[in-house]
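Q: Hey, can you walk me through this one? I'm new to it.
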Amino acid sequence: MKRLATIVLLVLFIPATCLGAAIFEKVGTVGGQFLKLTVGARAAGMGGAYVSVADDATAVFWNPAGIARITGNVVSINHMVMPAGIAFDQFTYVFSVGFIPGSLAVNARALTMDDMPRTTVFHPYGDGTYFDAGDMAFGLSYGRSLTDKFSVGATLNLVRSGLDEYSSQSNTIDFGTIYDTGFKSIKIGMCIANTGSEMKFIDRGVKMPVTFRVGMSMNVYQNGPHSLLSAAEFSHPPDNAERANWGAEYSFQDFFFARTGYNFNYDSDGVAFGAGFKFPVSGAAVARLDYAYTDWQTLGGLHRVSMELSF
């Protein structure tokens, strides 16, 4: 018991000391920024505190170890509306193959925007031509439970960014673990994301946004049809200050869900909230529909919608 308490204290409090430390924030020094955009309305509604929860198809982003505990097949579609007409979409398919233990998943995500007018010194309002810009990534994930309490997972990503006639690509790897302590439903999750090769535009290379996340979650209340899940998370991005996330999810009869959370020490993200429904559709198939809103302060807000089908 004392050993478990020590682990929990290390997970929760040691990273917090970094938040008050004087640091040098290297903003704008890494590429592939869209890789840091979070996936899924459920996770966003919980303030992004999801690395230790990660029990649905969006685990391919948050913590690939999470897909190890998914049974059957799952299809997930996630859409986010951002300011300035920018959209972020993600698709995941989780499945299993009989002769391979564990679960596999494929996913794709893309950041898109409308074509923009090309401007020059002599045509500051546009010369009549347009150019496009965008990012995309494709991933293959594998997760496996090594014991009934410990799971591991990894995702191999192909990342591509484009701006007008220029483009570049990189290969990255995400690795994560989830440990179910067996004590009061406490779970501890860890993930290192976006480790990989540099992305090179023209003649200059940029590093990928390698991010480390660690967090803990537990069911703090359970009484009949009512339950309350709480989660906390700390992350260390390579180009900004250490960050913290907290979130909670209330569930009624595993049908209706209400969520709230907060993003601490972020440049823009602040309070978040959301709601969702989970319901059977036919036979053994179960659908899930979620919505989340995240306050982006002076930039407005982010709206996310997610749909998931398990069969």
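A: F277 is partly exposed, with a relative accessible area of 37%. This is a predicted model, where local features need pLDDT of at least 70, side-chain atom pairs count only at pLDDT 80 or more, and totals for chains, interfaces and linings use all residues. Residues are numbered from 1 along each chain as its sequence is written, and side-chain values use heavy atoms, with hydrogens and water left out.

Q: OK, and how many aromatic pairs are there?
A: Seven. Rings of Phe, Tyr and Trp (its six-membered ring) pair if their centres lie within 6.5 Å; planes under 30 degrees apart count as stacked, over 60 as edge-to-face and the rest as tilted. F256 and F277 have ring centres 5.5 Å apart and planes at 55°, so that pair is tilted.

Q: Where in the chain do F256 and F277 sit?
A: F256 is in strand β15 (residues 256-264) and F277 in strand β16 (residues 271-282), 21 residues apart. Strands here are DSSP runs (E, at least two residues), numbered from the N terminus.

Q: And is F256 buried, exposed or partly exposed?
A: F256 is partly exposed, at 28% relative accessible area.

Q: New topic: which charged end sits over the ring of Y266?
A: That of R243, 4.4 Å from the ring centre. The rule is NZ of Lys or CZ of Arg within 6 Å of the ring centre and within 35 degrees of the ring normal. R288 lies over the face of F257, also at 4.4 Å from the ring centre.

Methods. Helices (H or I, at least four residues) and strands (E, at least two) are DSSP runs, numbered from the N terminus. Buried means under 20% relative accessible area, exposed over 50%, partly exposed in between (1.4 Å probe, protein chains only).
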